[in-house]
Amino acid sequence: MLTKRQKRNNRILAAVMLAASLFFLFPVIWMLANSFKPDAAITADMNSMRAFVPPALNGDFFSNYVTILTNTRFVRYMCNTLFYAAVLIVLGVIVNGLAGYALAKINFPFKDRWLMIIMLLMIVPMETIITIHFLFIAKLGLLNTVVGYVLPMIVNPFNIFLFRQVFVSLPDDVYEAAQLDHCSPIKYFFTMVLPMSQSVVATVSVFTFLNVWNDYLWPSLVFTSSDLLTAQIGLNAITSNDNTTTGQTLAVITMVTIPVILIYSFFSKQIVEGVVSTGSKEG
Amino acid sequence: MSFIELKNINKKYKGNEKNSVTDFNLNIEEKEFIAFVGPSGCGKSTTLRMIAGFEDITSGDLVIGGQRMNETAPAERGISMVFQNYALYPHMTVEKNISYGLKNMKVPAEEIKKKVDWAVDILGLTEYRYCKPKNLSGGQRQRVALGRAIVKNQKLFLMDEPLSNLDAKLRVSMRNEISQLHRKLGSTTIYVTHDQVEAMTMADRIVIMKDGVIQQVGKPMELYEHPDNKFVAGFIGSPQMNFYDVRVDGNCIIFTDGSRQKLSDSVIDKLKGYDSVIMGIRGEDLKFDEQNLGLFADSLHKAAINNTEIMGNENNLYFEFGGITSVARVSKYEVSQIGDQVDFVFMPHKMHFFDKNTEKTIVSAQ
């Protein structure tokens, strides 16, 4: 039972947090409101509170969005990105999951050293090794291919670490019981380990999706063909076009931003559970 | 040839100086219920896990059904196992937990259904068939684990402390269920427990272990009445046997507090050559009733009760005697109060004598 004082403190805290979140949401609200307006209206509303209010619902309400979706290849870029994310989620869960499982449950020489090396790799920023990745992919002749884009993105030291931390606490007797049930090690991984670790699988999947969705540098190096571009690169291509209006630019940005916000809001519980169960947080 | 033969089995973990299991020799017949019992770290679970194939055998031979199994994979040994922590698959329903092994063994779906129906029926799990383990109680989970083991029709059941996570009442009922199931299925069972009551009540034969070495193998009452050494005598039976350091003097033994106990000629004969020995006697062989006090009046002892445990069906009386806190188990009608001065006698033919150095039995109860 909360005391009167605790109730009052909670109310104050809620008000402060609401104000803070509104402050951080201002640019998003502004973007959303103006993405429905023609450029003239955006300029006219610029210096008033109307800048945060969408226009009245009429026939032209979605015109910026319709123009972007019909006159540009943005839908294609979105689909590309979703496809890359799906491929990387599946491959990432399998490859990083297997590596994490080996580090958690299988005894092999220098296991602890391997784990240490993988943990050290977590602090190496992607930007520092991207040239090596690029040269490697170029040498293999995989530039401008999906494989070339996906290959260096599959292995992720942080995800391996996340998986390892969760798998290490899985009970060994379940594996032993499965062995007696004629379950092969690979089958055990897919039918037991992954389903028993749903929260970390969800966490890794969300992180992978966000990585792919937000990544700009790597796809801009690998892809030159407009058929293969991702949403972020597409966004840049569309917004740098002189014919694109401010309203249309904001509409594209809104469409790129919304999935990230939705994913975070839908999976925030799993992300927190997954990260908490590993005793770590993304650095 | 026995169904299972363990010949000179040794287990030594890398980096350990001592063996975890040393020279383990045991033959187990078909349909036998064998209990491995002993204190924590005595090697009973390690031995079971070597039989299951989860631990390598450092040296020795494991033969099941006439075949050497040392290097055989666990799934190929023809065994089922029930684990201490149930080891259920948490994301699968009761039905799927039970049928998982059968599916992997490519048993036809019709037969799987029949077997699962039979198992859930026999174990009283029909209404929980589609529940997941997290929605079941400890006893129900253990029944699912049993179900998973019995549907596979294996000839050998291994059980690793299956009841240790259950509360006392449930343990008693599950004990009964497992015994009945064993009789019904007729499969050979090896049951590991640290609870001597479980071993005594369920097993055909008990293997008592200490520090990786078998101390004695025998039927429950053999171990209770004729322990091979002080460890077995102390481990089996509750309350624990009373052990007194005594001096042999003529046809008597003298306790550290000076009390004397007359012995029969046959016992004295066997104690020849010993100056001092350990005398052991179980709580129920200390008598307080008029009839026994009259019968053995030449060795009457006195004690002041300093604690009592009322168990309902019987009472435990505690008192200082012979330099130790002794315990006597008396009927519920023999009520004593703390502070009572009482006379008692030791039943002479129920005394055990152990060598002080080797702790081996010199004379066992008759």
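A search of the whole structure, a predicted model, returns 37 aromatic pairs over all chains. One of them joins B:Tyr89 and B:Tyr100. The ring centres lie 5.2 Å apart and the planes meet at 65°, so this pair is edge-to-face; the angle exceeds the cut-off, which is over 60 degrees for that class. The two tyrosines come from distant parts of the chain, 11 residues apart. B:Tyr89 sits in the loop between β6 (79–82) and α2 (94–104) of chain B. B:Tyr100 belongs to helix α2 of chain B.

Chain A holds an aromatic cluster. Its members are A:Tyr101, A:Phe163, A:Phe167, A:Tyr175, A:Tyr188, A:Phe189 and A:Phe190.

Helix α1 of chain A covers residues 4–34, 31 residues in total. From first C-alpha to last, α1(A) reaches 43 Å, close to the 45 Å expected at 1.5 Å a residue. A bend of about 45° is found at A:Leu25. A proline, A:Pro27, follows within four residues. Buried residues of α1(A) include A:Met31, A:Ala33 and A:Asn34.

Strand β8 of chain B (residues 188–193) is largely enclosed by the rest of the structure, because six of its six residues are buried. B:Thr188, B:Ile190 and B:Val192 point one way from β8(B). B:Thr189, B:Tyr191 and B:Thr193 point the other way. Two parallel partners of β8(B) can be described. Strand β3 (residues 33–37) of chain B is joined to β8(B) by five bridges, and the two run parallel. Here B:Ile34 stands opposite B:Ile190. Strand β7 (residues 156–160) of chain B is likewise joined to β8(B) by five bridges, again in parallel. B:Phe157 has B:Thr189 as its bridge partner in β8(B). Between β7(B) and β8(B) the chain passes through helix α5 (residues 168–185) of chain B. This β-α-β crossover is right-handed.

Two open antiparallel sheets are also present in chain B. The sheet of six strands has the order β13-β12-β11-β14-β20-β21. Its edge strands are β13 (260–262) and β21 (361–363) of chain B, each pairing on one side only. The twist averages 40° from one strand to the next. At the β13 end, strand β12 (residues 252–255) of chain B pairs with β13(B) in the antiparallel sense over three bridges. B:Ile253 stands opposite B:Gln261 in β13(B).

B:Glu309 is placed opposite B:Asn316 in β17(B).

Technical notes
Residues numbered from 1 in each chain as written. Chains lettered and ligands numbered in written order. Predicted model: local features only at pLDDT ≥ 70, side-chain atom pairs only at ≥ 80, totals over all residues. Heavy atoms only, no water. Pairing = 2+ DSSP bridges. Axes fitted to C-alpha atoms, helices over the stretch in contact; angles between N-to-C directions. Expected span 1.5 Å × (residues − 1). Bend = angle between axes of the 7 residues up to and from the residue. Buried < 20%, exposed > 50% of the residue type's maximum accessible area, 1.4 Å probe, protein only. Right-handed = clockwise from strand over helix to strand, strands pointing away. Phe/Tyr/Trp six-rings, centres within 6.5 Å; stacked < 30°, edge-to-face > 60°.
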